[in-house]
Amino acid sequence: MSIRSNIEGIMDQIGDGDTALGDTVRARSTAAILAGGGTPEWETYMSMFSTTPEELARLLPTDESGGVPEMDQARTYLVGNGMCGAETTKSRLIQGVWDILDQELQ
């Protein structure tokens, strides 16, 4: 899997009618934004989009990607996009995230 695939999986579930999941994404996004990076709320939100410890480390970021401007921006989009309701989240959750979070650092 990949972070992109995980995000798309959430979008697909919401698009297939799981509006409760859309509500969960919104609630966890709100909590993450209010609490900020490095908090349990941030980790709870980002864990929705990870299936491995490495993916979660990239999303938190507790790996070497913290401070990489393009990756920081993608993480910010992922949290901000979660604020939308199910109708928007099902199609726009990944907007601004691209594939950068799955890239290897050089």
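**Ground rules.** I am working with a predicted model, where local features need pLDDT of at least 70, side-chain atom pairs count only at pLDDT 80 or more, and totals for chains, interfaces and linings use all residues. Residues are numbered from 1 along each chain as its sequence is written, and side-chain values use heavy atoms, with hydrogens and water left out.

**Entry 1, helix α1.** I started with α1, residues 3–15. Helices here are DSSP runs (H or I, at least four residues; strands are E, at least two), numbered from the N terminus. I checked the length: the expected span is 1.5 Å times one less than the number of residues. For the 13 residues of α1 that should give 18 Å, and the end C-alpha atoms are 18 Å apart, which agrees.

Next I asked which residues of α1 are buried. They are Ile3, Asn6, Ile7, Ile10, Met11 and Ile14. They sit on the same side of α1, because they cover an arc of only 140 degrees around the axis; the arc is that of the directions from the helix axis to the C-beta atoms. A reminder to myself: an α-helix has 3.6 residues a turn, so residues three or four places apart point the same way. Buried means under 20% relative accessible area, exposed over 50%, and partly exposed in between (1.4 Å probe, protein chains only).

What do these buried residues pack against? Their partners are α2 (19–35), α4 (53–59), α5 (69–81) and α6 (86–92), with contact meaning heavy atoms within 4.5 Å. Just after α1, I noted that Gly17 has a positive phi of about 110 degrees.

I then moved to Thr89 in helix α6. Is Thr89 buried or exposed? Its relative accessibility is 0%, so Thr89 counts as buried. Leaving out residues up to four places away in sequence, Thr89 touches Met11, Ile14, Val25, Asn81, Gly82 and Cys84. The Thr89 side chain also reaches the backbone oxygen of Cys84 at 2.8 Å.

Trp98 is in the segment after α6 and is partly exposed, at 43% relative accessible area. I found a positive phi of about 55 degrees here, although Trp98 is not a glycine. Beyond residues up to four places away in sequence, Trp98 touches Arg4, Glu70, Gln73, Ala74 and Tyr77. Trp98 and Glu70 are 28 residues apart in sequence, and their C-alpha atoms are 10.0 Å apart.

Last, I looked at the loop between α4 and α5, where Pro61 sits. The Leu60 to Pro61 peptide bond is cis, with omega near -25 degrees.

Definitions and conventions:
Polar contact = N/O pair within 3.5 Å; in protein donor to acceptor, adjacent residues only side chain to side chain.
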